[in-house]
Amino acid sequence: MDYSYFMTEVAKRRRPATTRELTKIAYSAPKDTISLAEGMPNEETFPFTEISVKLYDGSSFTLDDSELGAALQYIPTQGYPPLVQALREFQRRAHAPPLWESRDIVVVSGSQDGLSKALEAIIGTGDPILVPELFYPGVEVVVAPHKAELITIPEDDDGPVPEILREILRNRELSGGKMPKVMYINATGTNPTGIIIPLERRKEIYRIACEYNFLLLDDDPYCFMHFGKEEPKSFLSLDTEGRVIRLDSFSKVISSGIRLGFMTAAAPLIASVELHLQSSHLHAPTLSQVIMYKLLKNWGYDGLMQHYMRLRCFYKKRRDVISALAHKHLNGLVDFKVPKGGFFLWIKVRGIENTWKMLMQRGVTDGVIMAPGAAFMSDPTKTCNAIRASFAKASYEEMDLALERLAQLIRMELTENYIENIDT
Ligand SMILES: Cc1ncc(COP(=O)(O)O)c(C=O)c1O
């Protein structure tokens, strides 16, 4: 595949920084090589002498002298080499991606970092991008300054509808419009709707991507947070042509403050993102990467999967609680589907056209903060009757109170609308 077709002129003009390349060379050089090339500070001057980490399962690890030195130092842009290797092995086992030898990995500072770097490699001024009707707003903030054209694909309860996607693309091609080079997708436990795109639909979307030659950017931070028995099959595992850019994040499953994620894609795309990283923050934080590596080494693949299973049970229970509370407080006022994964309940309010003002003004003063649905649309100034409520963090008592307050808010809004309609 010719990946240069997908890249912007800016991305194609990126060049490696010599000093960064030397760090990479020095890292993999034989032990007796002496490097005076880099601007690394001397670790002896750092005030930290030991970092120990205790885990909830009772185990612990300490960064020994050489690990501590490495953890506090610059590293190659791609990531802490032992972690990069561990992540490669993890990806291989978790997704068994076809064409594995032609793919690479780069460690990024969370999905958002990967998302922005991947999109900025592909989206030039005014370029089109395919997005689901409702999607994570972190995409819009990246592409809006590039005046990207957001082509929204209508959704049903299973995500973007393939037949409509194909029709939109067919019409666009017939009318000679600029064809999109990428589709953003968030297939499992979608933010904000909590859906999981079923396998057949994933396959069909992938087929359309091959037919119309675009890349699929699968932002999958809730991959291991699905509440069904079956493990959703990732787009990466279906990718026989090398057109999936997969984003994994440790934010929801290990810690969001550790700011770590990783991108898996065809090697030329990863190389382009790596060059972008060289021009921004050089590499994702080393201390986080070393801690993550030690954790992976300590737990192994099976230990990590056990941890994910524990999270799944934890959040599933919360999902069940918020669904029951929504029935209790919002019956007759709203419609919602029980989320199949992720962190969010998507609530559609009956009889109210737009939830924005209700939440952003009265909600805030009345002690309940939830995200208005319009925030997840390509044009947030449009009306949307939905609300996104997170069930991840609040206590059960807080969730109970929040939904009770939401019910009051909706009733007040409905009454006001009713009075206004009588007056006019
Ligand atoms: C779909 C989606 N993508 C990306 C992110 C950003 O995650 P990270 O902390 O890994 O940057 C989030 C966070 O809420 C998200 O829901």
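## Strands, cores and a ligand shell

Let's start with a pair of strands: β13 (residues 344-349) and β15 (residues 386-390) run antiparallel and are joined by five bridges. Within this pairing, isoleucine 347 sits opposite isoleucine 387 of β15. Please keep in mind that this is a predicted model.

The two strands belong to an open sheet of four strands, ordered β12-β13-β15-β14, with antiparallel pairing. At its edges stand β12 (334-336) and β14 (371-372); each has a single partner strand, so one side of each is left without a neighbour in the sheet.

Ile347 also turns up in the largest nonpolar core, which has 101 residues. Ile347 is among the members that touch the most others, along with Ala118, Met183, Tyr184, Leu217, Met263 and Leu345. Helix α11 (residues 286-330) supplies the largest share of this core, nine residues. Because domain 1 (20-28 + 37-51 + 59-303) and domain 2 (312-423) both give residues to the core, it lies between them. A second, separate core has five residues, including Cys223, Phe224, Met225 and Tyr315.

Methionine 263 is worth a look of its own. Leaving aside residues up to four places away in sequence, Met263 touches Ile105, Val106, Val108, Gly114, Ala118, Ile245, Arg246, Leu247, Ile270 and Val273.

Now for the ligand. There are 13 residues around it, and Gly110, Ser111, Gln112, Ser249 and Ser251 come nearest. Here is the shell by class:

| Class | Residues around the ligand |
|---|---|
| Nonpolar | two residues |
| Polar | 10 residues |

Technical notes. Residues numbered from 1 in each chain as written. Predicted model: local features only at pLDDT ≥ 70, side-chain atom pairs only at ≥ 80, totals over all residues. Core = buried A, V, L, I, M, F, W, Y, C linked by C-beta atoms within 7 Å. Buried ≥ 20, exposed ≤ 12 C-beta atoms within 10 Å, placed from the backbone. Domains from an automatic or database assignment. Contact = placed C-beta atoms within 7 Å. Near = placed C-beta within 6 Å. Nonpolar A, V, L, I, M, F, W, Y, C, P; charged D, E, K, R; others polar. Pairing = 2+ DSSP bridges.
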